[in-house]
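Here are some notes for a colleague who has not seen this structure before.

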Amino acid sequence: MIFLAVRYLVARRRQTLLMLLGVFFGSAAFVLISGVMLGFRGYLVNQLINTSGHIHIAAREEFLTDHSLDASFYGPLARVFWRVPPSGRKDSAMIEQPQAWYQRLKADPRVVAFSPQLTAGVLFSKGKATATATLIGCDPEQQVRVTTIGDYVTAGRFQDVAAGGGRLALGEELRRKLGVNVGQDVRVSLGPAGGVVPFRVAAVFTTGNRLLDELSYGALADVQKVNGTPNQVNEIVVRLADHALSAQVATTWAALSPEKVESWDQRNAYIFDVFKIQDTVRYSSIGAVMIVAAFGIYNVLAMTVMQKRRDIAILRSMGYSTRDIVVLFLSQGLLLGLSGTSLGLLAGYVISFYLETIRLNAGPIESGIAHILVSRDPSIYLQAAALAFAAASIASILPARAAGRLPPIEIIRAGAE
Amino acid sequence: MAIIARSIGKRLGEPPSDILSGVSMEVRDREFLSITGRSGSGKSTLLYLLSSLDTVSSGAVEIDGQDLGAMSPEELCFFRNRQVGFVFQFHYLLSELSAIENVLMPARKAGEEETRRAYAFNLLEEFGLAGKSDRLPRELSGGELQRLAIARSLIMRPKYLFADEPTGSLDTANGELVVGILRRINQRDGTTVLMVTHDSGFAAAADRQIRLADGRLGEADTSVGASANGRTDRSVAPHDRGGSL
């Protein structure tokens, strides 16, 4: 019946073209919208995974509540009413037993590398220019194994931060604020009242993410000295062999230790909520296009069934079965779905290359990616094909079944009257 | 007997009314039978019941010893495809297909499109449609369309040909041509032909006529010999089977 289905479609060129365009635009739009969204998302996730490490181990931040200190002062059974309830943070901001963590991480085969860090909020100054920023003390050799920060260095070498002491790697945003270049000095202090320590800029990095480009890195010992916390770290960043295991591993470790252990995706859960909203918008907008396309197919096929009642009757009189008639009309919808989807996917694929040539001149990613990123993940194309084909199939089933149920004798009887 | 109808009836409409009731008749192999009657007499309904296209409300139709009512939908489709040809008042050709493609549609269902292609061309030639095999139905005249429809009905060399007012939409010359073809098919190939017509002139071309009035069998016209529902009809000498058109 495919032969006859094709003839029907060819005979109604204009209607066929309209139905085809519906599926075509739906699948092409899905590919392009998803490609752009997921392209940017992939870039963002890649940065989250690779620039910040897979798992962060940090001192647990535990805040005092009204009754946090009841047991300590008055025993476990006491009921205490505080005139001024206690408040503030109970714990230390430092990891209490980092050596235990180092041993555990070294022994874990899933861990590729880890980097102990001391993060401090500091004030940078260069002449009259000042900027507050986060200074991360680390072992640069370990840091480039744990994160991809070394890949984003645009001047100097990240590992040079460890050479000789008193050296820094600045993010491009911070460098711009201070107006310094590699080889020049900046002064670092914990605040206006703190002691000032001179540092030399050894490297500059540009990730493209403004938040990351406002960070600075120094050798762990130097930052410990500035912060007045020798031999202490407040964070350990871990890289796993498989980043997909991050959440699972982090949850396991969190249960075993007093520290706060979070995976990259747990730390950025809000971003994934945004992704969910994006997906909802993406699927509903493309779904609307597909529904319109499906209605187009349904309407035209239902009309065709009415117009071809005599054909149905004569085919049945020749021995064609109900199933043959269903196939005749269903295959028209499926052919449209198949060809419209194929053309839509092809067009989407080709246009995605053009989109990638569109340059970006503003926004948070201006310095990282100079053009629109489009994902060409096969799953996007599979989803688009499945969605378009499903829409065409569902839209064809009802008219096809109606055609199969038409009693030939009544059509012939009506035709003879 | 090839076709036997046992007290068949058909009720249609709401409230139901009898279109046909208590009709018993027999059709012999290789017979050319015409069914006549006024408009609304039930002659087309009878044809459709005898041909398996419609189902009886009462009674039973037996073809070659098989009760049509007991056949599954698949068996009925196979039976129609292999044993039955239909010609209607309107040609019902598929407008998107060429003449030869229309003729071969039943063969396509049987998976014998290629093996019957030469025969299809023979039919077209015999029916004066040689050289028009690639034309679409809209490029043919009314008479040509009806002859094409007959060619389509014969492509599977059916044992039975059911024709419902095949001359109804034709002028006299074309009508005579079509009836001549039916007569020839019956005589040369031994195809059993049942033709519904309201034209007594065309009906006279048949071996036997039966007349319907108000859904019941009336008096036979030119029938002689064997009985059909108690009425006399003309006995028909068996025609030689075989040979292609």
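**Notes on a strand and an interface**

1. In this predicted model, B:Asp164 stands opposite B:Val196 of strand E8 in chain B. The pair belongs to the pairing of strand E7 (residues 160-164) of chain B with E8(B), a parallel arrangement joined by five bridges.

2. E8(B) also pairs with strand E3 (residues 32-37) of chain B; these two run parallel and are joined by four bridges. Here B:Phe32 is the residue opposite B:Val193.

3. Strand E8(B) covers residues 192-196, and five of its five residues are buried. In a regular strand, side chains alternate between the two faces of the sheet. In E8(B), B:Thr192, B:Leu194 and B:Val196 lie on one side, with B:Val193 and B:Met195 on the other, and both faces are covered.

4. Turning to the interface, chain A and chain B each give 23 residues to the contact. About 2,300 Å² is buried between the chains, and carbon and sulfur atoms account for 63% of that area.

5. Three salt bridges are counted between chain A and chain B. In one salt bridge, the side chain of A:Lys308 meets that of B:Glu96 at 2.3 Å, N to O. Eight residue pairs are in polar contact across the interface. On the chain A side, the elements giving two or more residues are helices H1 (2-11), H11 (309-317) and H14 (408-416).

Terms used: Residues numbered from 1 in each chain as written. Chains lettered and ligands numbered in written order. Predicted model: local features only at pLDDT ≥ 70, side-chain atom pairs only at ≥ 80, totals over all residues. Heavy atoms only, no water. Buried < 20%, exposed > 50% of the residue type's maximum accessible area, 1.4 Å probe, protein only. Pairing = 2+ DSSP bridges. Contact = heavy atoms within 4.5 Å. Buried area = accessible area lost by both parts, 1.4 Å probe. Salt bridge = Lys/Arg side-chain N within 4 Å of Asp/Glu carboxyl O. Polar contact = N/O pair within 3.5 Å; in protein donor to acceptor, adjacent residues only side chain to side chain.
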